[in-house]
Amino acid sequence: MQPKQVGIVGYGRFGRFWADLLRKYHTVWVTDAVPFKDDSFLPVEELCERVEVLFFCVPIGRLEAALTAVRDHLRPGTIIFDTCSVKQAPAAWMLENLSSVERLTLVATHPMFGPDSARSGVESLPMMTWFLSGDKEDYTEWHGFFEGLGLRVVEISPETHDRLAAYSQGVTHYIGRVLGELDLKPTPIDTQGFSILLSLIEQTCNDSWELFHDLQIHNPYTREMRLALEGALDEVYAALLPERVDANALIIGVQGGEGSFSEEAGQTYIAGRSASFPKSRIAYLFTTKNVLQALHRGEIDFGVFAIQNAAGGVVMESVLAMSETNCAIIEMFDLVINHSIMHHPETAFKDVDTLISHPQALAQCKRTLRERHPHLKQVSGEGDLIDQALCAKELSSGGLPKTTAVLAPRVCADKFGLTIHDDGLQDLGDKNLTTFVWATRKPRRR
């Protein structure tokens with residue numbers, strides 16, 4: 001091939017690398033959205049007038065705008081290459097945006113390497129090419145030039161490229177970014193495998209986040225890859241969890257504390273299936289989030305939490321927790337819920353000014369509380385203190401002001417030495433049903 005006047009649009013990390021490689025054989029001119037001082041820099045209008053060949057080395061998400069920017073300045077007969085990491089969308093953009101220019105040759109390429117992976121040269125590295133339109137002889141000439149560089153040129157369609165690259169490249173960059181989040185460091189006992197992982201992190205994380213984002217988003221097959229990878233990680237993780245946390249007893253994690261309705265629900269479920277639960281113990285976890293995370297970590301065998309109530313509707317705490325952590329729902333069952341107001345025995349109820357409870361419990365007693373106790377300020381605790389039973393325990397032990405009353409199960413008064421002031425505050429009376437979930441870890445597929 002005779003030396004050509006070659007233009008590079010986009011002088012970022014890859015653009016500089018590609019320009020340096022081509023300068024060994026051709027005269028290279030460069031342009032960028034942000035002007036810079038360099039003997040080879042030209043404004044886009046001058047560059048398009050001067051060059052015979054134009055390589056677009058811009059981020060995927062900026063290619064269409066770059067094509068539009070040069071369209072009115074291109075010389076007829078110019079050979080146009082893109083170098084994007086995905087191919088279907090860029091190929092379509094080239095054909096759509098440059099069709100009005102006469103005698104262009106359009107070629108889709110993907111040099112499947114960069115400044116890091118080609119640090120020692122490009123010999124035997126892969127480069128995808130595909131003729132889109134124009135002069136086939138021009139395409140063939142450049143195909144031969146790339147092979148002359150020692151590149152392993154692979155002619156495949158943009159669709160085939162994206163389908164294969166979703167795994168060969170997409171999974172590599174995805175894993176590299178995930179490992180980068182772990183902030184791995186070299187150690188004195190590094191294995192060869194660990195060194196390879198560190199090298200992978202360096203190669204992928206040195207590229208811009210924009211490149212990573214674009215090659216994941218603009219390739220129509222990478223979403224399928226990410227979902228498959230997520231499933232594979234879950235499968236391997238689940239395979240390492242114990243079949244039983246404790247060989248002597250099944251551990252049941254409940255949404256509440258001692259005396260909570262979740263404890264009652266768990267005990268009720270077990271009592272009706274005594275043959276399946278010859279020995280078990282309760283783990284008080286206070287929130288649905290804690291229950292689901294304990295299931296995920298393999299710290300409990302089963303979990304119990306409320307999901308909805310006839311008066312209060314869905315339990316948002318549980319809905320939000322289930323959106324963050326997977327579980328397998330074995331069964332759902334109902335329990336009649338009765339709410340009581342209790343206060344510290346050393347405080348007269350007339351001196352109580354605040355009522356604390358779970359927001360769902362307050363919703364179930366909304367009308368009755370308004371009618372009987374309108375003077376009480378209603379609040380919900382944060383974190384574990386969202387649990388009614390824990391609120392009762394904290395009031396008893398001094399963790400809450402003595403001017404606070406608790407809306408909780410009646411049994412909490414006996415457990416924690418509190419005084420019941422009012423009972424049966426639920427608006428639906430004996431029809432106040434709450435649906436509880438009996439759950440376990442997400443089952444393994446194999």
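This report walks through the cores, ring pairs, salt bridges and a few surface details of a predicted model.

## Ground rules

Numbering starts from 1 along each chain as its sequence is written, and since this is a predicted model, local features need pLDDT of at least 70, side-chain atom pairs count only at pLDDT 80 or more, and totals for chains, interfaces and linings use all residues. Side-chain values use heavy atoms, with hydrogens and water left out.

## The nonpolar cores

Let's start inside. A nonpolar core here is a set of buried Ala, Val, Leu, Ile, Met, Phe, Trp, Tyr and Cys residues joined through side-chain atoms within 4.5 Å. Buried means under 20% relative accessible area, exposed means over 50%, and partly exposed is in between (1.4 Å probe, protein chains only). The largest core has 30 residues, and the members that touch the most others are Ile8, Trp18, Phe55, Val122, Trp142, Phe146 and Leu151. At least two residues each come from β1 (5-9), α1 (13-22), β2 (27-31), β3 (53-56), β4 (79-82) and α5 (136-148). Helix α1 gives the largest share of this core, with 6 residues. As for the labels, helices (H or I, at least four residues) and strands (E, at least two) are DSSP runs, numbered from the N terminus.

Take Leu151: leaving aside residues up to four places away in sequence, Leu151 touches Phe113, Val122, Leu125, Met127 and Phe146, where contact means heavy atoms within 4.5 Å. There's also a second, separate core of 29 residues, including Leu74, Ile80, Ala91 and Leu104.

## Aromatic pairs

Next, the rings. A pair of aromatic rings is described by the distance of the centres and the angle of the planes. Rings of Phe, Tyr and Trp (its six-membered ring) pair if their centres lie within 6.5 Å; planes under 30 degrees apart count as stacked, over 60 as edge-to-face and the rest as tilted. That rule gives 26 aromatic pairs. One of them is the tilted pair of Trp18 and Phe146, at 6.4 Å centre to centre with 40° between the planes. Trp18 sits in helix α1 and Phe146 in helix α5, so this pair ties together parts that are 128 residues apart in sequence. Both partners are tucked away: Trp18 is buried at 0% relative accessibility, and Phe146 is buried at 1%.

Phe277 and Phe302 pair up edge-to-face, because their ring centres are 5.8 Å apart and their planes meet at 80°. Phe277 lies in the loop between α11 (261-271) and β9 (280-284), and Phe302 in strand β10 (residues 302-309), so here the parts tied together are 25 residues apart in sequence. Phe277 and Phe302 are both buried. Ring pairs also build a cluster, with Phe14, Phe17, Trp18, Tyr25, Phe55, Phe81, Phe113, Trp142, Phe145 and Phe146 linked in it.

## Salt bridges

Now for the charges. A salt bridge is a side-chain nitrogen of Lys or Arg within 4 Å of a carboxyl oxygen of Asp or Glu, and the count comes to 19. Arg13 bridges to Asp207, with the closest N and O atoms 3.4 Å apart. This pair links distant parts of the chain, with Arg13 in helix α1 and Asp207 in the loop between α8 (192-205) and α9 (209-217), 194 residues apart. Arg13 is partly exposed, at 34% relative accessibility. A network of salt bridges links Arg13, Asp116, Arg119, Glu202 and Asp207.

Glu258 and Lys415 form another bridge, with the closest N and O atoms 3.4 Å apart. Glu258 is in the loop between β8 (250-254) and α11, while Lys415 is in helix α17 (residues 411-416), 157 residues apart. Glu258 is partly exposed at 35% relative accessibility, and Lys415 is partly exposed at 39%. Arg367 and Glu371 bridge with the closest N and O atoms 4.0 Å apart; both lie in helix α15 (residues 366-372), 4 residues apart, about one turn of the helix. Arg367 is partly exposed at 36%, whereas Glu371 is exposed at 55%.

## A surface patch and a buried histidine

Val314, Met316, Val319 and Leu320 make a nonpolar surface patch of about 340 Å². Patches are made of residues with over 30% relative accessible area and no salt bridge, with like charges joined within 9 Å and nonpolar side chains (Val, Leu, Ile, Met, Phe, Trp, Tyr) within 5 Å. The areas come from the Shrake-Rupley method with a 1.4 Å probe, and for residues only the protein chains shown count as cover. Helix α13 (residues 316-324) gives the most to the patch, with 3 residues. Val319 is in helix α13 and is partly exposed at 33% relative accessibility.

His358 lies in the loop between β14 (354-356) and α14 (359-364). At 10% relative accessibility, His358 is buried. Not counting residues up to four places away in sequence, His358 touches Gln255, Val315, Glu317, Ser380, Ile386 and Gln388.
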